[in-house]
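Visitor: I'd like to learn how to read a model like this one. Could you walk me through it?

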Amino acid sequence: MGALTKGFRGFAGYMRGLMGADAYQKYLEHFTSSGHEGPAMTEREFWRDRMDRQDINPQGRCC
């Protein structure tokens, strides 16, 4: 049963990465590792900024 659970978690992680659901977590990791000063964007601010940038410069989206 452990191998099945591990496989499912791996697949779920892959799908989150494919769909971009892990983008905020990646942003936080980059923010802290690159030594930015000041507070990081909140998750709400991050997604709003991301959507605004995609609306201004659409690239290969289905919708």
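Guide: Start with pLDDT, the predictor's confidence in each residue, on a scale from 0 to 100. You need it here since this is a predicted model. The chain averages a pLDDT of 86, and 92% of the residues score at least 70.

Visitor: OK, on to packing. Which residues make up the largest nonpolar core?

Guide: The general idea first: in soluble globular proteins, nonpolar side chains tend to be buried together. In this model, the largest nonpolar core has 5 residues, namely Ala 23, Tyr 24, Tyr 27, Phe 31 and Phe 46. Helix α2 gives the most to this core, with 4 residues.

Visitor: And what does Phe 46 touch, leaving aside its neighbours within four places in sequence?

Guide: Phe 46 is in contact with Ala 23, Tyr 24, Tyr 27 and Met 41.

Visitor: Back to α2. Why do its buried residues sit on the same side?

Guide: Look down the helix. The buried residues of α2 are Ala 23, Tyr 24, Tyr 27 and Phe 31. They cover an arc of only 95° around the axis, so they end up on the same side of α2. The face turned away from that buried side carries Thr 32 and Ser 33, both exposed.

Visitor: What do the buried residues of α2 pack against?

Guide: They pack against α3. From α2 you have Ala 23, Tyr 24 and Tyr 27, which meet Glu 43, Phe 46, Trp 47 and Arg 50 in α3.

Visitor: How would I describe that helix pair?

Guide: Two packed helices are described by the angle between their axes and the distance between the axes. For α2 and α3, the axes come within 10 Å and cross at roughly 105°. Angles of 65 to 115 degrees count as roughly perpendicular, and α2 and α3 are therefore roughly perpendicular to each other.

Visitor: What happens just after α2?

Guide: Check the backbone there: Gly 35 takes a positive phi of about 75°. The C-alpha atoms of Gly 35 and Arg 53 are separated by 23 Å, and the two residues are 18 residues apart along the chain.

Visitor: Where is Arg 53 found, and why does it count as partly exposed?

Guide: Arg 53 is in helix α3 (residues 43-56). Partly exposed lies between the cut-offs of under 20% for buried and over 50% for exposed. Arg 53 counts as partly exposed because its relative accessibility is 46%.

Methods: Residues numbered from 1 in each chain as written. Predicted model: local features only at pLDDT ≥ 70, side-chain atom pairs only at ≥ 80, totals over all residues. Heavy atoms only, no water. Core = buried A, V, L, I, M, F, W, Y, C linked by side-chain atoms within 4.5 Å. Buried < 20%, exposed > 50% of the residue type's maximum accessible area, 1.4 Å probe, protein only. Helix = DSSP H or I, 4+ residues; strand = E, 2+ residues; numbered from the N terminus. Contact = heavy atoms within 4.5 Å. Arc of directions from axis to C-beta. Axes fitted to C-alpha atoms, helices over the stretch in contact; angles between N-to-C directions. Parallel < 35°, antiparallel > 145°, perpendicular 65-115°, else oblique.
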